[in-house]
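Trainee: I'd like to learn how to read a structure feature by feature. Could you walk me through one?

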Amino acid sequence: METKPLDIRADADHAIVWRNDRLYLLDQRLLPGEECYLELHGADETASAIRDMVVRGAPAIGITAAYGVVLAARRRYAESPAGWRGLMTHDYSVLATSRPTAVNLFWALDRMKRVADNLTAGDPEQRLLREARAIHQEDVAANRTMGGLGAGLIKEYTSVITHCNAGALATGGYGTALGVVRTAYVAGKVKMVYADETRPWLQGSRLTAWELARDGIPVTLLTDGAAASRLAQGGIDWVIVGSDRIAANGDVANKIGTYNLAVVARHHGVRVMVVAPTSTVDMSLASGAEIPIETRDPAEVLRCGGRQIGADGVDAWNPVFDITPAALVDAIVTEKGVVRSPNAETMAQMMAR
Ligand code: MRU
């Protein structure tokens, strides 16, 4: 992967850029200190970028993989105009094994593969690019719709807490949880956004705070352990988060620590809103117990900022997502509508709309 200075201002709405037939990703590992883009050339590099957290966030992972399929098709068609489809088996598989929890990845790959499988003769690139662009644009449109629906649930001027980064950086643009925050802020409903810093990758401090500060939305960082104390002080009506996968019964997989926050929120009578497009809903899984949870390298916990912080010889457990039971979720907001107190029946009704 090579670094490319792009002639656009690096911003959260341009985390994934397709320009002049090339794919560029804003390297989120370097934010907020450096704003630099990497150019990707094929499925292997795209999968590495997803695995290594250059790009992250469920919808953004799906969109990136879709563009990765376009790059793969270009390369395979150049290798073999007659046999490109067969050669792509490797590419789908390498992309599908990049990260396991965000279902948007598999949803986008399925959609791209369906298009590829139905193409007749000729160069597949432009048709596949149209599909990848549609996936990207539909995600931004869904975020705008969810922004309005979620903001409608916030009745009074209040502060909110969010966890991880469910913003423009994590999506095609505008954000899921942060899309609601953005819309509600413009409507004069948001006093302060408290952002959990979100160990170990610090998506809250590095990404959420960066995005909101750039938009002029007031943001205050919390260590993950400080959220309970802040909720106890009052003045916060909602916890607003995104999701990586929602099961058919409304159980929610999201960044590790979301479950803690939901338990603490319920204790303090604070409501929990989960904002995610239907591409994040996996109706094939009955409950959160079936959602595969990614476990990453213990070194991510044992080191911080390039420095060892764990004592010599100590191990670490590093699951990067957890499951918040539907019973702790007050509302799931999708582009198809709001599901209050989600369960298998209300989720199925929403998905059927
Ligand atoms: O490990 P990450 O940074 O990919 O995890 C991201 C999250 O958990 C987000 O909250 C989730 O994907 C929702 S993004 C709109």
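Mentor: Gladly. Let's begin with burial: a residue is buried under 20% relative accessible area, exposed over 50%, and partly exposed in between. Keep in mind that this is a predicted model.

Trainee: Is cysteine 304 buried, partly exposed or exposed?

Mentor: Cysteine 304 has a relative accessible area of 30%, so this residue is partly exposed. Cysteine 36, in contrast, has 14% relative accessibility and therefore counts as buried.

Trainee: While we are on cysteines, how many disulfides are there?

Mentor: The general idea first: a disulfide is a covalent bond between the sulfur atoms of two cysteines. For a pair to count, the sulfur atoms must lie within 2.5 Å. By that rule the count here is zero. Take cysteine 304: its nearest cysteine sulfur belongs to cysteine 164 and is 15 Å away, and cysteine 304 is in no disulfide.

Trainee: Now the aromatic rings. How many aromatic pairs does a search of the whole structure find?

Mentor: The search finds one. Its members are tryptophan 18 and tyrosine 67, with ring centres 5.4 Å apart and planes at 15 degrees. Planes under 30 degrees apart count as stacked, so this pair is stacked.

Trainee: Which parts of the chain does the pair tie together?

Mentor: Tryptophan 18 belongs to strand 2 (residues 16-19) and tyrosine 67 to helix 2 (residues 58-79), so the pair links parts that are 49 residues apart in sequence. Both tryptophan 18 and tyrosine 67 are buried.

Trainee: Which charged ends sit over rings?

Mentor: Here are two cases. The charged end of arginine 144 sits over the ring of tyrosine 174, 3.9 Å from the ring centre. Likewise, the charged end of lysine 255 sits over the ring of phenylalanine 321, at 4.4 Å from its centre.

Trainee: Let's turn to strands. Which strands pair with strand 16?

Mentor: When reading a pairing, look at the direction and the bridges. Strand 11 (residues 271-275) pairs with strand 16 in the parallel sense over three bridges, and methionine 273 has alanine 331 of strand 16 as its bridge partner. Strand 17 (residues 337-340) runs antiparallel to strand 16, joined by four bridges; here isoleucine 332 is partnered with valine 339 of strand 17. Strands 16 and 17 form a hairpin, with two residues between them.

Trainee: And are the faces of strand 16 covered or open?

Mentor: Both faces of strand 16 (residues 331-334) are covered. Ala331 and Val333 on one side are buried, as are Ile332 and Thr334 on the other.

Trainee: How would I read the surroundings of a single residue? What does threonine 158 touch?

Mentor: Start with its place: threonine 158 lies in strand 5 (residues 158-162). Its relative accessible area is 3%, so threonine 158 is buried. Setting aside residues up to four places away in sequence, threonine 158 touches Lys189, Val190, Lys191, Met192, Gly235, Ile236 and Asp237.

Trainee: Finally, how is the protein divided?

Mentor: The division is into domain 1 (2-139) and domain 2 (149-351). Their C-alpha centres lie 25 Å apart, and 33 residues of domain 1 are in contact with 33 residues of domain 2.

Conventions
Residues numbered from 1 in each chain as written. Predicted model: local features only at pLDDT ≥ 70, side-chain atom pairs only at ≥ 80, totals over all residues. Heavy atoms only, no water. Buried < 20%, exposed > 50% of the residue type's maximum accessible area, 1.4 Å probe, protein only. Pairing = 2+ DSSP bridges. Phe/Tyr/Trp six-rings, centres within 6.5 Å; stacked < 30°, edge-to-face > 60°. Lys NZ or Arg CZ within 6 Å of the ring centre and 35° of its normal. Contact = heavy atoms within 4.5 Å. Domains from an automatic or database assignment.
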